[in-house]
Amino acid sequence: MQTMDGQGATADPQLQHFIEIESQKQRFQQLVHQMTEVCWEKCMDKPGPKLDSRTESCFVNCVERFIDTSQFILNRLEQTQRSKGGFSESILSE
């Protein structure tokens with residue numbers, strides 16, 4: 001049985017990689033959930049069996065703006081961290 005003495009279970013590179021991948025999946029799912037919630041509230045007047053063209057256009061535009069905004073914020077944070085020396089070169093190259 002392994003103990004958590006600083007070398008514990010997370011010292012295994014495969015486990016660390018698995019945890020990082022699962023964390024990325026979780027962040028992605030949270031982002032999709034947030035985007036869905038925002039765009040649903042903005043675009044869906046009354047649910048029906050079929051989307052009309054106006055509603056469909058609204059959803060497409062909403063998703064595109066959400067992605068653009070998210071990317072802009074990430075780029076701005078990256079620039080801020082870079083100017084402060086907070087990111088390592090390995091993170092920036094990904």
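Tutor: Start with the surface. This is a predicted model. Phe72, Ile73, Leu74 and Leu77 form a nonpolar surface patch, with about 410 Å² of accessible area together. Phe72 sits in helix H2, residues 53-84.

Student: What makes residues count as a nonpolar patch?

Tutor: Patch residues need over 30% relative accessible area and no salt bridge, and nonpolar side chains are joined within 5 Å. Phe72, Ile73, Leu74 and Leu77 form such a patch.

Student: Why is the aromatic pair of Trp40 and Phe59 called tilted?

Tutor: The structure holds one aromatic pair. In that pair, Trp40 and Phe59 are 6.3 Å apart, centre to centre, with 45° between the planes. Ring centres must lie within 6.5 Å, so 6.3 Å makes a pair. Stacked needs under 30 degrees and edge-to-face over 60, so 45° is tilted.

Student: Which parts of the chain does the pair link?

Tutor: Distant ones: Trp40 is in helix H1 (residues 13-43) and Phe59 in helix H2, 19 residues apart.

Student: Is Phe59 buried or exposed, and how do you know?

Tutor: Its relative accessible area is 18%. Buried means under 20%, so Phe59 is buried.

Student: Why is Trp40 called partly exposed?

Tutor: Trp40 has 40% relative accessibility.

Student: What lines the largest pocket?

Tutor: The lining includes Arg27, Phe28, Met35, Phe66, Ile73 and Leu74. H1 and H2 are the elements that give two or more residues to the lining. The volume of the largest pocket is about 420 Å³.

Methods
Residues are numbered from 1 along each chain as its sequence is written. This is a predicted model: local features need pLDDT of at least 70, side-chain atom pairs count only at pLDDT 80 or more; totals for chains, interfaces and linings use all residues. Side-chain values use heavy atoms; hydrogens and water are left out. Patches are made of residues with over 30% relative accessible area and no salt bridge: like charges are joined within 9 Å, nonpolar side chains (Val, Leu, Ile, Met, Phe, Trp, Tyr) within 5 Å. Accessible areas come from the Shrake-Rupley method with a 1.4 Å probe; for residues, only the protein chains shown count as cover. A salt bridge is a side-chain nitrogen of Lys or Arg within 4 Å of a carboxyl oxygen of Asp or Glu. Helices (H or I, at least four residues) and strands (E, at least two) are DSSP runs, numbered from the N terminus. Rings of Phe, Tyr and Trp (its six-membered ring) pair if their centres lie within 6.5 Å; planes under 30 degrees apart count as stacked, over 60 as edge-to-face and the rest as tilted. Buried means under 20% relative accessible area, exposed over 50%, partly exposed in between (1.4 Å probe, protein chains only). On a 1 Å grid over the protein atoms alone, a cavity is a set of points where a 1.4 Å probe fits but cannot get out, and a pocket is an open set with protein on both sides within 12 Å along at least five of seven lines; lining residues have an atom within 4 Å of a point. Grid points are joined across faces, edges and corners, and a volume is the space filled by probe spheres set on the points.
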